[in-house]
Amino acid sequence: MRPGEVFIVGAGPGDPELITLKALRRIREADVILYDRLANEELLQYAKPEAELVYCGKAPGAHSMPQKQINRKLAAYALEGKTVVRLKGGDPFIFGRGGEEALELAAQGIPCEVIPGVTSAVGAAASAGIPLTHRGLSASVAFVTGKRCQDSEAPPRWDLLAQAVDTLVIYMGVGKLAEIRAELLRHGKLDSTPVALIERGTTASQRVVTGTLANIHKLAESTKVTNPALIVVGEVARVREQLLALEAEADLRIG
Ligand code: SAH
């Protein structure tokens with residue numbers, strides 16, 4: 001039997017309307033959907049009634065399905081001739097392990113297509129009113145992970161990032177905010193550098209906490225920011241306040 005195709009699909013950052021038409025079509029056509037914790041479950045309503053839905057994320061108090069097991073399952077379903085969707089939060093190739101899955105499938109000769117999604121940095125920045133690049137303030141942006149999966153992996157080059165990149169968006173970093181802040185300060189970022197924390201960006205329960213490198217760790221503690229959340233470091237974080245102030249002014253004028 002010819003193997004079925006696997007689609008590694010980006011579900012977008014949280015708001016289900018931020019999925020692409022192509023992704024939605026693949027969800028509608030899938031025989032099996034393996035989905036992650038960060039993929040909005042509302043999207044599963046578009047699946048065929050007979051589609052098999054397999055949760056691969058972390059249940060409260062339990063471990064998530066190991067990557068090896070996910071890879072095995074993806075291949076096994078495809079080898080049964082099924083059309084498989086692997087649904088992931090944000091974009092599959094931005095800290096989504098989509099590359100590992102694609103390589104594994106390719107090695108087994110299983111056809112695979114990657115469908116991009118709006119990564120949470122882009123989605124959350126938009127809904128928080130923070131342009132990641134901005135004329136005069138930021139000519140470059142880097143997506144950085146705050147955590148490495150294995151201790152053997154080298155940490156991000158905070159020394160270079162602090163100096164060479166205008167806007168840093170740090171994924172999986174809120175748990176390590178104090179350390180990250182210390183690294184950036186040690187490598188020359190100013191105390192006064194604006195920082196925004198965006199929790200559950202693009203969802204109805206989005207929260208944004210803003211401060212500077214001087215106080216952001218304290219603010220995170222007092223406001224209890226938790227995952228999923230992003231850290232945005234750079235002058236652009238100030239644009240949010242400008243937008244909010246202008247919007248409030250306009251409301252006063254009109255209202
Ligand atoms: N592939 C995903 C990232 C997965 S890594 C993407 O492209 O967005 C998981 C991390 O993504 C979280 O720890 C958090 O830092 C970030 N994240 C995912 N969804 C988020 C959201 N709605 N708001 C803020 N951060 C989010």
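Domain bounds here come from an automatic or database domain assignment. On that basis, 28 Å separate the centres of domain 1 and domain 2, taken over C-alpha atoms. The contact between these domains takes 8 residues from domain 1 and 11 residues from domain 2. The model is predicted.

- Domain 1 covers residues 6-118.
- Domain 2 covers residues 121-242.
- Where does the ligand lie?

**The shell around the ligand**
- The ligand is surrounded by 19 residues.
- The closest of these are Ile94, Thr119, Ser120, Gly201 and Ala229.
- Sorted by class, the shell holds 10 nonpolar residues, 7 polar residues and 2 charged residues.
- The ligand takes up the space of the largest pocket.

**Polar atoms facing the ligand**
- Thr119 places a polar side-chain atom 2.6 Å from an oxygen atom of the ligand.
- Met172 has a polar backbone atom 2.9 Å from an oxygen atom of the ligand.
- Gly89 has a backbone N or O atom 3.0 Å from a nitrogen atom of the ligand.
- How much of the ligand's accessible area does the protein cover? On its own, the ligand has 540 Å² of accessible area, and the protein covers 92% of that.

**Points to keep**

Terms used: Residues numbered from 1 in each chain as written. Predicted model: local features only at pLDDT ≥ 70, side-chain atom pairs only at ≥ 80, totals over all residues. Heavy atoms only, no water. Near = heavy atom within 4 Å. Polar contact = N/O pair within 3.5 Å; in protein donor to acceptor, adjacent residues only side chain to side chain. Areas by Shrake-Rupley, 256 points an atom, 1.4 Å probe, with all protein chains shown as cover. 1 Å grid on protein atoms, 1.4 Å probe; cavity = no way out; pocket = protein on both sides within 12 Å on 5 of 7 lines; lining within 4 Å. Sits in = over half its atoms within 2 Å of the grid points. Nonpolar A, V, L, I, M, F, W, Y, C, P; charged D, E, K, R; others polar. Contact = heavy atoms within 4.5 Å.
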